[in-house]
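Here are a few friendly notes to read alongside the coordinates.

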Amino acid sequence: GTIHLSVVRRPAENSAARLGSLFINPGGPGIPGAEIFPKMYPAFPDAVRQRFDLISWDPRGVGSSTGVKCFTSTEESAAFFANVPIGFPRGEHEEKVWIRTYAEFTRRCKERNPELLEHVSTADSAQDLDFLRAAVGEEKLNYYGASYGTFLGATYVNMFPSRANRVILD
């Protein structure tokens, strides 16, 4: 099948001084970059906004890209996770609840998305990033990744070392 990616691009503010495109992954996994990017844009230094087209995307399985749908509604999802401890589980009881809940969550997701889940790995996302790089006409990737985005960036560099240029892992 086909996987669609939701992508946003903000052109460099000074096209005469443009250095290329900078791809941004805000983290996660599971954070929709295309949705979060407009809120992040003002935080980038003026020099970056002036000289780079800034690009973010919703990785496969996330946000407006072809999504993994484990529930029929946000209400169903909220009800399912209502009794799960927030944050890292503390103590044996919370650990058991956490493990049981996420085992069931995994089962539900596999049941509802059997084909797609075979193709939502970090390596798949790195391949998508390389396709996006080529689609905007860049020979080499400029990249900023935070949180999980650091793992995605490192995976990209390991898979495509000759295509990496400036890579910031925060």
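**Notes on cross-links and charge pairs**

1. Let us start with arginine 107, which counts as partly exposed at 40% relative accessibility. Please keep in mind that this is a predicted model. Arginine 107 pairs with glutamate 104 in a salt bridge, with 2.6 Å between the closest N and O atoms. The two residues both sit in helix α4, three residues apart, or about one turn of the helix. Glutamate 104 is partly exposed too, at 26% relative accessibility.

2. Arginine 107 also forms a salt bridge with glutamate 111, where the closest N and O atoms are 2.8 Å apart. About one helical turn separates this pair, because they are four residues apart in helix α4. Glutamate 111 is exposed, its relative accessible area being 57%.

3. Glutamate 13 is partly exposed at 41% relative accessibility, whereas arginine 49 is buried at 15%.

4. Do look at the disulfide as well; a search of the whole structure finds one. Cysteine 70 is joined to cysteine 109, with an S to S distance of 1.8 Å. Cysteine 70 lies in the loop between β3 and α3, and cysteine 109 in helix α4, 39 residues apart. The link is right-handed, with 115 degrees about the S-S bond, and both cysteines are buried.

Definitions and conventions
Residues are numbered from 1 along each chain as its sequence is written. This is a predicted model: local features need pLDDT of at least 70, side-chain atom pairs count only at pLDDT 80 or more; totals for chains, interfaces and linings use all residues. Side-chain values use heavy atoms; hydrogens and water are left out. A disulfide is a pair of cysteine sulfur atoms within 2.5 Å. Buried means under 20% relative accessible area, exposed over 50%, partly exposed in between (1.4 Å probe, protein chains only). A salt bridge is a side-chain nitrogen of Lys or Arg within 4 Å of a carboxyl oxygen of Asp or Glu.
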